[in-house]
Amino acid sequence: MKYEIKNQPFTVLTLHMEQGESIKCQSGAMAWMSPGIQMETKTGGLGGMFKKALVGESLALNHYTAAQAGELTLAKHCPGDIMAFNISETPIIAQKTSFLAATEGVNLDIYLQQRASAGFFGGEGFLMQKYSGSGYAWLEIDGSVQERVLAAGEKLIVDSGYVAAMDATCSMEIQTVKGLTNVLLGGEGLFNTVVNGPGRVWLQTMPINALAMNLYAYMPHPSN
């Protein structure tokens with residue numbers, strides 16, 4: 001399936017679908033499409049709905065099938081980027097709620113951090129999502145994206161919330177920020193996320209929670 005990603009930072013994904021091709025996507029992602037493309041909403045059963053609820057995604061996915069060749073355009077929910085991942089090459093782990101769309105052969109499952117502290121304090125979430133199987137997945141990135149390749153044993157220290165995705169060969173742990181002054185006045189919080197290689201790591205430059213906090217500072221607040 002051919003695709004185009006364009007119009008950053010108000011990014012859209014256009015899929016050029018041949019007859020019989022099908023994709024699944026997050027509910028509400030469709031922006032426009034050709035008349036010959038048909039939609040069906042599926043929940044994946046109670047087990048699938050439970051998994052989606054845990055990672056904060058909509059309980060149903062929309063499946064689009066091309067009855068005849070045409071285009072389907074999906075829009076990102078907030079300013080940022082969209083990345084395409086060839087899951088056939090290697091499984092990946094991504095932040096929850098980043099899922100935009102995938103071909104039907106891609107499996108979405110819950111990924112539980114091996115170290116509970118990495119989820120409770122790391123900002124990426126105790127629950128992430130694992131993408132495996134075959135085909136392509138398209139994920140939403142907050143802000144722009146930077147890719148780093150880590151060698152075996154190499155570490156990368158990342159502020160909480162900035163890890164968008166990583167190869168399944170990578171792992172995560174938590175590092176406490178040292179020094180009381182650093183914690184109180186440094187503005188970086190109590191913990192950093194440490195990503196361990198080998199594998200690729202995709203970093204996002206503006207996590208949605210950081211964007212929300214920055215905007216909140218400029219919003220009028222009712223007087224006490």
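Rings of Phe, Tyr and Trp, the last taken by its six-membered ring, are treated as an aromatic pair if their centres lie within 6.5 Å. In the predicted model described here, Y3, Y136 and W138 form one aromatic cluster.

By this rule the count comes to five aromatic pairs. One of these is formed by Y3 and Y136, whose rings are tilted, with a centre-to-centre separation of 5.9 Å and an angle of 55° between the planes. This pair links distant parts of the chain, since Y3 belongs to strand β1 and Y136 to strand β13 (residues 136-142), 133 residues apart. Y3 is partly exposed, at 32% relative accessibility, and Y136 is likewise partly exposed, with a relative accessible area of 30%. For F85 and W202, the ring centres lie 4.8 Å apart and the planes stand at 90°, so the pair is edge-to-face. Because F85 lies in strand β8 (residues 80-86) and W202 in strand β19 (residues 199-204), the pair ties together parts that are 117 residues apart in sequence. F85 is buried at 4% relative accessibility, and W202 is also buried, with a relative accessible area of 2%.

Strand β1 (residues 2-6) also contains E4, which is partly exposed with a relative accessible area of 34%. Beyond residues up to four places away in sequence, E4 touches V12, L13, T14 and H16. Of these residues, T14 is 10 residues from E4 in sequence and 5.1 Å from it in space, C-alpha to C-alpha, while the side chain of H16 makes a polar contact with the side chain of E4 at 2.8 Å.

How values were computed:
Residues are numbered from 1 along each chain as its sequence is written. This is a predicted model: local features need pLDDT of at least 70, side-chain atom pairs count only at pLDDT 80 or more; totals for chains, interfaces and linings use all residues. Side-chain values use heavy atoms; hydrogens and water are left out. Helices (H or I, at least four residues) and strands (E, at least two) are DSSP runs, numbered from the N terminus. Buried means under 20% relative accessible area, exposed over 50%, partly exposed in between (1.4 Å probe, protein chains only). Contact means heavy atoms within 4.5 Å. A polar contact is a pair of N or O atoms within 3.5 Å; within protein, one must be able to donate a hydrogen and the other to accept it, and residues adjacent in sequence count only if both atoms are side-chain atoms. Rings of Phe, Tyr and Trp (its six-membered ring) pair if their centres lie within 6.5 Å; planes under 30 degrees apart count as stacked, over 60 as edge-to-face and the rest as tilted.
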